[in-house]
Amino acid sequence: MTVLPARTDLLQGTLDVLILKTLALSPMHGWGISQRIQQLSREVLQVNQGSLYPALYRLEAKGWIRSEWGNSENNRRARFYELTRSGRRQLAEETESWERFAAAVGHVLQASAP
Amino acid sequence: MIRRLAVLGRSLLRRNAVEREMDEEMRFHLEMEIRKLEERGLDPDTARTKALRDFGGVDKHKEEGREIRGLARFEAVSQDVRYALRGLRRNPGYAAAALATLALGIGANVAVFSVVHGVFLQSLPYGGGERLVHLRQVAPGIGIDNAPFSPKEVSDYAAQTRTLTGVAEYHSMWFILLRDPEPERVQTGVVSANFFDLVGVKPLLGRTFLPGEDAPGSEPALVLSYDYWQRSHGGDPKIVGRTFKMNDRMHVVIGVLPPMPAYPDENDIYMPTSACPFRGSAAMSNDRTMRMVSLFGRMKPGVTLDAVQTDLATIAGRLARQYPEAYPPKEARFTAQAVPLRRELTEHARPTFLVLLATVGLVLLLACANVANLTLARQLRRQREMALRTALGAGRGRLARQMLTESVVLSLSGGLLGVLLAKGTLGLLVSFAARFTPRASEIRIDTPVLLFALGISIATGIVFGLIPSFPQRRNLVGALQEGGERSGAGVGRHRLRSALIVVQVAISFMLLIGAGLMLRSLWKLQQINLGFKTERVLTTRLDLNFSKYRDLESRRAFQIRLLERLAGQPGVVSAAIAGTFPLNDGGPQSGQFEIEGSPVSNADMRPQADFQNVSTDYFQTIRIPLLRGRGLAPSDRADTPYVCVINQTMALHLWSSQDPIGRRITVDRGEHWIQIVGVVGDVRQYGLDRRPPDQIYLAQAQFPPLSSTLLVRSAADPLSLSRVVRDAVHGIDSEQAVDRFRTLEQVHANALASPRLTFILLGIFALLALLVTSAGIAGVVAFTVGERTSEFGIRLALGANPREVVALVLRQAMTPVVIGLALGFAGAHLLASAMSRLLFEVNATDPPTFLAMSAVLAAVAAAASFLPARRITGLDPMIALRSA
């Protein structure tokens with residue numbers, strides 16, 4: 001049994017919200033999600049593919065996304081993920097808290113000595 | 001939570017499909033990645049290598065996927081289960097001993113629970129049965145606790161009750177139903193037309209009685225019980241509409257009942273009150289004191305039992321004021337009461353099955369202690385395996401889970417065997433329960449019982465699986481060292497094993513006391529002087545057809561001819577006709593009388609006795625001794641003065657030191673006088689444990705009974721005479737039914753059967769407990785001896801006397817036994833006081849039983865410890881030292 005090191009929690013949470021956001025745009029298969037995140041982040045964020053699928057299964061188990069087999073753009077069978085209603089709610093919450101967090105960090109970093 | 005369960009469920013159901021999907025998804029990902037890299041200009045091989053490297057271990061991702069989908073836990077459990085099964089197969093001795101103990105412990109509980117569930121817990125098999133009550137009239141002041149009702153009273157209660165939706169009347173009689181090839185005696189429930197609607201029974205075929213079908217002059221109709229329909233008519237589906245002649249009238253079958261408890265009686269058929277020649281007679285209907293029917297009621301919704309009691313008491317009081325001549329005086333504290341039907345159906349079974357439930361509970365505890373002990377011994381031998389696994393990184397929780405899985409696997413297998421055992425013995429248990437309750441036919445191993453079995457199996461596994469893990473050893477190094485299994489590190493476990501022996505001894509002692517008290521009670525019951533001799537007497541029922549033998553003369557003629565015919569038959573020593581005989585179900589009629597010269601003013605203060613009518617040879621046939629005066633003689637005829645014989649109890653009770661011979665009594669206020677001509681010995685009329693009341697024997701020739709029994713003393717096997725008896729009866733009247741042939745010895749054995757079966761059950765449990773406990777003690781001693789071989793070797797080498805070493809081991813072994821006995825003493829007192837209702841003339845603290853059982857247990861425990869300890873005397877010090 002693998003025990004994940006504690007610090008992946010933060011990354012994991014970040015990855016989760018990124019996946020949810022990506023899927024909010026359109027349903028997509030796993031590989032597509034990884035490419036889309038990379039592309040949207042202007043190649044800054046490389047999704048560790050090894051953590052992508054566990055994250056997807058976890059989100060599915062939580063009921064935020066659901067999956068369905070379909071045909072990919074090159075006509076291969078692929079599993080497509082899409083956002084559920086509760087996933088959409090979760091995305092809104094996480095986005096808001098992320099923005100608050102980012103703003104807070106920004107304030108701290110911009111602070112200058114009085 | 002539910003969604004997670006659904007995901008897990010789906011994963012488990014489609015385990016392979018899930019695996020395949022994960023495979024396919026990851027393969028798709030890799031292919032896309034490789035294509036992307038190729039499009040960027042990498043050659044296929046490089047692209048493939050880079051993609052695989054970036055992706056990481058496919059299996060690792062899959063494992064994570066599995067874990068998220070809950071599969072991992074399942075896999076771990078199934079791995080544990082496989083491991084447990086392998087371990088048990090490797091250890092067949094341990095597995096067999098544990099399985100046998102668990103199967104017995106769980107099986108006994110499942111069997112007894114099936115009775116408890118079938119009889120006490122599940123709802124009554126009547127529609128809305130919880131609201132049904134049985135009514136009775138009582139007069140505690142004069143010792144009447146269950147008087148029936150007269151037809152007049154039935155209509156009064158029906159009209160006046162405010163708390164019952166209605167009342168239905170019932171009584172049971174034997175009638176003769178004429179059919180081929182032989183007339184049949186049928187037990188007949190005589191009921192008001194609303195009876196089946198009131199108790200909530202719907203017919204299986206046809207219909208039950210319609211309102212008004214019990215009105216005088218109605219067409220006689222019959223409803224058959226399910227058992228009778230199956231037994232005597234082969235379940236004929238076209239039975240409805242058939243007619244049978246009974247009591248000189250044609251009766252038409254209108255319906256068949258579903259299976260239901262043999263309550264109030266084991267009736268074959270039911271007829272409305274109008275069809276019963278007794279109940280229908282004018283004398284019955286008009287006399288308020290002709291109390292012969294039972295009354296049932298259904299409580300209105302929302303009405304409490306207390307309200308019903310108040311309501312009935314009000315009606316009873318009103319009737320007593322209105323018709324003072326028909327009711328006892330104030331001092332008798334006459335009233336009417338309701339008893340819930342559930343209580344009436346089950347109260348006799350309660351004490352016995354509570355004791356049995358306690359017993360099997362103890363047996364299960366003992367089984368747990370025993371298996372925990374076996375498991376501990378096994379774990380002591382497995383210390384190195386466990387230490388090794390810990391050293392290799394297995395967590396304590398993981399190891400504990402492994403242990404628990406093993407014990408639950410064991411207990412579930414034991415439970416399965418136990419259910420099979422319970423199924424196999426259910427028939428015996430049902431016939432045992434049928435001695436106490438009419439609900440026995442409802443006992444079966446159904447879903448609730450199986451759920452109970454599953455529950456106690458798992459609970460048992462957890463209990464005996466957790467006990468051994470209490471003293472966890474932490475000294476890994478010591479355990480891994482050579483000889484570590486014998487190092488003194490397992491002290492905690494040894495203490496635990498001693499504690500388990502204490503528990504086993506205590507429980508065994510309690511069970512032994514239970515069985516011992518039952519045995520003492522049974523022995524006392526067998527020692528009772530019955531007052532008559534049971535050897536070589538054939539009994540049979542002989543109920544004359546009321547319609548045919550209406551007058552005394554025709555009955556007398558039939559009975560005298562029958563006795564004359566039988567007297568001449570070879571093998572017949574003597575024959576007698578009697579209303580009933582001792583220990584027969586349904587005792588004699590009880591009635592009041594007056595003694596000449598001692599008039600009483602108040603009707604209810606008249607003396608009371610049991611009356612029964614017997615022929616001349618009755619006392620001789622069953623060997624009731626004549627104590628004074630003379631017995632009944634052929635010269636006592638219808639045209640000579642009436643005579644009677646009384647029992648000793650009555651002679652002492654009413655005349656004490658004076659001579660009762662020559663005194664006269666009357667039952668009809670002096671219209672006829674009956675002279676006492678003799679005194680005979682007492683007999684146990686109503687049961688082994690009940691002293692007889694005052695009894696009066698009337699002469700059959702002067703008062704020929706309608707429903708009677710025939711008793712024949714034979715020279716050889718009494719049952720061989722049944723053909724002779726049958727032919728003699730049919731030779732006089734071919735339409736006369738004669739049945740229920742039993743020997744008096746069978747009747748006696750039947751009276752002893754309930755306590756004997758209870759003793760056998762408790763005895764089996766106690767013996768098993770003793771066996772299991774002695775095996776446990778021997779196991780612990782053997783282990784100790786084996787473990788301390790080197791120490792004993794040193795002692796012997798230094799010159800210790802082998803006997804002293806054995807004595808040392810024995811002393812240590814007997815310490816938990818003595819503590820267990822002390823605890824068992826306390827526990828046994830509790831069990832014994834719960835048993836007191838099952839015991840006859842045996843005190844729950846009976847010192848001989850307690851002494852004898854302590855001695856038995858101590859002796860068995862000493863023997864069990866001595867056998868393995870004896871090995872020490874044969875120990876060669878040198879070999880013992882080297883083997884260390």
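Okay, hi everyone. Before anything else, keep in mind that this is a predicted model.

Let's start with chain A. There's an open sheet here with three strands, and the order across it is E1-E3-E2, with antiparallel pairing. Which strands sit at the edges? Those are E1, residues 28–29, and E2, residues 65–71, of chain A, and each of them pairs on one side only. If you want to look at one pairing in detail, take E2(A) and strand E3 of chain A, residues 77–83: they run antiparallel and seven bridges join them. One pair to click on is Ile65(A), whose bridge partner in E3(A) is Leu83(A). As a reminder, strands of a sheet pair through backbone hydrogen bonds, either parallel or antiparallel.

Now over to chain B, where you can see both kinds. Strand E6 of chain B, residues 221–224, runs parallel to E8(B), with four bridges between them. There, Ala221(B) stands opposite Val252(B). Strand E7 of chain B, residues 243–246, also has four bridges to E8(B), but that pairing is antiparallel. Lys245(B) has Met250(B) as its bridge partner. E7(B) and E8(B) form a hairpin with two residues between the strands, and Asn247(B) in that hairpin takes a positive phi near 50 degrees. Then there's strand E5 of chain B, residues 205–206, which pairs with E8(B) in the antiparallel sense over two bridges. In that pairing, Leu205(B) stands opposite Val256(B).

On to helices. In helix H24 of chain B, residues 789–797, the buried residues are Phe792(B), Gly793(B), Arg795(B) and Leu796(B). Why do they end up on the same side of H24(B)? They cover an arc of only 165 degrees around the axis. The background is that an α-helix has 3.6 residues a turn, so residues three or four places apart point the same way. After H24(B) comes Gly799(B), with a positive phi near 100 degrees.

H6 of chain B, residues 92–121, and H16 of chain B, residues 447–466, have axes that come within 10 Å and cross at roughly 145 degrees. The crossing is right-handed. Among the residues that meet are Leu102(B), Ile106(B) and Phe113(B) from H6(B), and Val449(B), Phe452(B) and Ile456(B) from H16(B). What classes make up that contact? Nine residues are nonpolar, five are polar and none is charged.

That's it from me, thanks!

Notes. Residues are numbered from 1 along each chain as its sequence is written. Chains are lettered from A and ligands numbered from 1 in the order in which they are written. This is a predicted model: local features need pLDDT of at least 70, side-chain atom pairs count only at pLDDT 80 or more; totals for chains, interfaces and linings use all residues. Two strands pair if DSSP finds at least two bridges between them. A residue is buried if 20 or more other C-beta atoms lie within 10 Å of its own, exposed if 12 or fewer, and partly exposed in between; C-beta atoms are placed from the backbone. The arc is that of the directions from the helix axis to the C-beta atoms. Axes are lines fitted to C-alpha atoms, for helices over the stretch in contact, and angles run from 0 to 180 degrees between N-to-C directions. A crossing is left-handed if the near helix is turned anticlockwise from the far one by less than a right angle, and right-handed if clockwise. Two residues are in contact if their C-beta atoms, placed from the backbone, lie within 7 Å. Ala, Val, Leu, Ile, Met, Phe, Trp, Tyr, Cys and Pro count as nonpolar, Asp, Glu, Lys and Arg as charged, and the others, Gly among them, as polar.
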